[in-house]
Amino acid sequence: MTEMQGSQAFADAAPMAIATCIGMVFDIAGSSGMVVLDAAALDETGRHADPVVGSAGSVGSQIKMRVGSTWLIANVRSLKLLDGHADRIAAQVDFLGEGDEEKLTGKLYKFRRGVTRYPTPGCFVYPVSSADMQQIYAADDRAHIQIGTVYPTRDVRAALYVDALLGRHFALLGSTGTGKSTSAALILHRICEMAPQGHVVMIDPHGEYASAFRDNGAIYDVSNLQMPYWLMNFEEHCEVFVTSSGSEKQIDADILAKCLLMARAKGRLGQEITKLTVDAPVPYLLSDLTNLIGLEMGKMDRAGDTAPYLRLKTKIDEIKADPRYGFMFSGMLVADTMATFLQRVFRLPGDGKPISIVDVSGVPSDITSVVVAVLSRMVFDFAIWSRGEPKRPILLVCEEAHRYIPNGDKIDSSVGRILSRIAKEGRKYGVSLGLITQRPSDLAEGVLSQCGTIIAMRLNNDRDQAFVRAAMPEGARGFLDAIPALRNRECIICGEGVAVPVRVSFDSLEDSRRPASDDPVFSKLWRETGGEDEIIARTLKRWRAQGR
């Protein structure tokens, strides 16, 4: 390595190519290799009018090399000064793909992923131009949406292939304040524009997205969700009604299972089903359930044996009486409205509003996870039981996903189990999962790896960066190193949804289509004064009425 060729070797290569030669291949190993770059040539190209040529040789940029009649494209992963050579820079590169060379002009066309023929050491290296980038990132004839521009170009459009994006699930990751919510809204708006008769369900834990989809979506919250309690399966009933722990929990669950099955069997629909199970979504009356628990309690000989029955009865009565739970446990929700509920929430048909925003910010915190579990399971169960029918694929988007599928040795909640199952099996049944989170390291370990497309915005935490790095393919490592340095509304996308890994600057979104997630401007708001008495009075009124 000490006997490097002089700069004359790079200069001699220049007449052979469209652009100035900036280096040569030094070492090749499988999907990666090492290139030696000429510092003087990089300084010259750095002043080029084309920003793509100007950035050649920097970390995350692309370079090309001629191999026979093809151009091989590689991404620069890392740089270091070559020992003993102040004018030579060693660059570790990952190969992205190749394109044919037009004989007369030397231009690249028909770019495709993968490498059929590797370069040999001594092969000259050239900067990629904006025209090359147009070819590399040009969307083919597959269905796609355009979401922004390819960095560092100003006009090369970045596309996501919708079928691959949704068919293999996707994850949108980014620290707070990086523009994650706006970017999620942008992607969903583009999907809705492409498929106005689609079926998208979004779980919104903060009430941010209602303002973004007011015109092209259906908005549901505690005031109009009307989700019947009897849609819960037995596991979800236990999470709501069983308050004990340890050995007592199993005793309470056994009692609840027996009484719940009898309550379901009392209804007209339950009587028509010969093999009724405790999980079947069959309407029943909460008063029937509490009466049956009371009857079973009356059969006990000793007063001490009645404790589990009293615990269950008290909890059910407490929830029935609490107006905060009215959206789910109201006495008005006993009719068989399951078909209507599925039509509304799954947008069947969509009527030009293909997305349902389910705002769970007003749901009491102790049953939020159960509400999300029921919605998620309804999506999955509908897909399973509708096999043989004309297909109606559904996209389930889960904001703050780390809340529901936390990392740990064992997922012990119904929502965690159903979302994990959708991640593993959903694509077989036409259920797509979109996960949005600011803490990927807090997600269950196997879930992120099930996402075929990862859209990574800036991540400030080292653990999060390491977690994402482990989930991304080897060829994207050079892009990954740029994650801590991304600007707001910039991202790295890799996986099934893009032709090759790409750094993207998201398009701007009109104010009327943005989520209500802007940070407060303290320097401005703290100068405003007046009307505090009225603010407090109105706030207390809503607070005490719990939003009603």
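Reader: Hi! Which angles count as oblique?
Author: Angles under 35 degrees count as roughly parallel, over 145 as roughly antiparallel, 65 to 115 as roughly perpendicular, and the rest as oblique. This is a predicted model, where local features need pLDDT of at least 70, side-chain atom pairs count only at pLDDT 80 or more, and totals for chains, interfaces and linings use all residues. Residues are numbered from 1 along each chain as its sequence is written, and side-chain values use heavy atoms, without hydrogens or water.

Reader: Thanks! At what angle do α7 and α8 pack?
Author: About 120°, with the axes of α7 (residues 234–241) and α8 (residues 247–266) 11 Å apart. That is why α7 and α8 are oblique to each other. Axes are lines fitted to C-alpha atoms, for helices over the stretch in contact, and angles run from 0 to 180 degrees between N-to-C directions. Helices (H or I, at least four residues) and strands (E, at least two) are DSSP runs, numbered from the N terminus.

Reader: Which residues make the contact?
Author: From α7 come Phe 234, His 237, Cys 238 and Phe 241, and they meet Ala 253, Leu 256, Ala 257, Leu 260 and Arg 264 of α8 (contact means heavy atoms within 4.5 Å). The residues of this α7–α8 contact are seven nonpolar, one polar and one charged. Ala, Val, Leu, Ile, Met, Phe, Trp, Tyr, Cys and Pro count as nonpolar, Asp, Glu, Lys and Arg as charged, and the others, Gly among them, as polar.

Reader: New topic: which residues are closest to the centre of the largest pocket?
Author: Lys 391, Arg 392, Pro 393, Ile 394 and Gly 430, out of 31 lining residues. A pocket, on a 1 Å grid over the protein atoms alone, is an open set of points where a 1.4 Å probe fits, with protein on both sides within 12 Å along at least five of seven lines; lining residues have an atom within 4 Å of a point.

Reader: And which element gives the most to the lining?
Author: Helix α5, with four residues. Elements giving two or more include α6 (180–194), α14 (365–385) and β15 (431–437). The lining of the largest pocket splits into 16 nonpolar, eight polar and seven charged residues.

Reader: Where is Pro 349?
Author: Pro 349 sits in the loop between α13 (338–346) and β13 (355–359). The peptide bond from Leu 348 to Pro 349 is cis, with omega near 0°. Arg 347 is in the loop between α13 and β13 too, and its phi is near 55°, a positive value in a residue other than glycine.

Reader: What about the bond from Tyr 151 to Pro 152, cis or trans?
Author: Cis, with omega near 0°. Pro 152 belongs to the loop between β8 (144–150) and β9 (157–161).
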